[in-house]
Amino acid sequence: FLANRLEAGVPVDTTGRTTASLIRLSDAWHHDVNRILGKVVDRQWQRSDLMDARYVVGKAQERITWKVTELLSLQALVDEGRALQHCVSSYGTACSRRVTAIFRITAEDAIGNVERLGTIEVQLGTSRIVQAKAKRNTQLSPKARAVLEKWAYREGLTINEQL
């Protein structure tokens, strides 16, 4: 629909739209273009050599399960970017070429509520964490940072000094 309108030269009015509605319009446009061109909408790639992590802290009702999980598809990057309101979805090509690996940090409470706490970019050629961002590109919380550091140490990764 959107691709047809743009191809026909019909402008799409963005006045007064929220960021979320512009993202939805953009996603719909990309979907339409990919469908028209016959391209696969979701790309997937192989897991890197880095391992996911799971750390359990506390007992019973106070238990928190921290996870570091690799994102292995364009759709996973899009979902992460929407949830944390940042641009991680633009890293699909770098991930599919295995230049970069993207991981998510989550915390799950004892009753199963999951909170996304951050996104990590690892440069695979240098084994270096070059970015780690929470929602809206803010810094990770101290607890999420501690999980990041524990995982990085276990995996032999260095962390950029600017983080």
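Visitor: What should I keep in mind about the model?
Guide: The model is predicted, and local features need pLDDT of at least 70, side-chain atom pairs count only at pLDDT 80 or more, and totals for chains, interfaces and linings use all residues. Residues are numbered from 1 along each chain as its sequence is written, and side-chain values use heavy atoms, with hydrogens and water left out.

Visitor: How many helices and strands are there in the protein chain?
Guide: The protein chain has five helices and six strands, which are DSSP runs (helices H or I, at least four residues; strands E, at least two) numbered from the N terminus. In order from the N terminus, the elements run α-α-β-β-α-α-β-β-β-α-β.

Visitor: Which aromatic pair turns up, and is the pair stacked, edge-to-face or tilted?
Guide: One aromatic pair is found in a search of the whole structure. The ring centres of Phe103 and Trp151 are 4.7 Å apart with planes at 55 degrees, so the pair is tilted; rings of Phe, Tyr and Trp (its six-membered ring) pair if their centres lie within 6.5 Å, with planes under 30 degrees apart counted as stacked, over 60 as edge-to-face and the rest as tilted.

Visitor: Where do Phe103 and Trp151 lie?
Guide: Phe103 is in strand E3 (residues 100-109) and Trp151 in helix H5 (residues 142-155), so the pair ties together parts that are 48 residues apart in sequence.

Visitor: Buried or exposed, that Phe103?
Guide: Phe103 counts as buried at 0% relative accessibility, where buried means under 20% relative accessible area, exposed over 50% and partly exposed in between (1.4 Å probe, protein chains only). Trp151 is buried too, with a relative accessible area of 0%.
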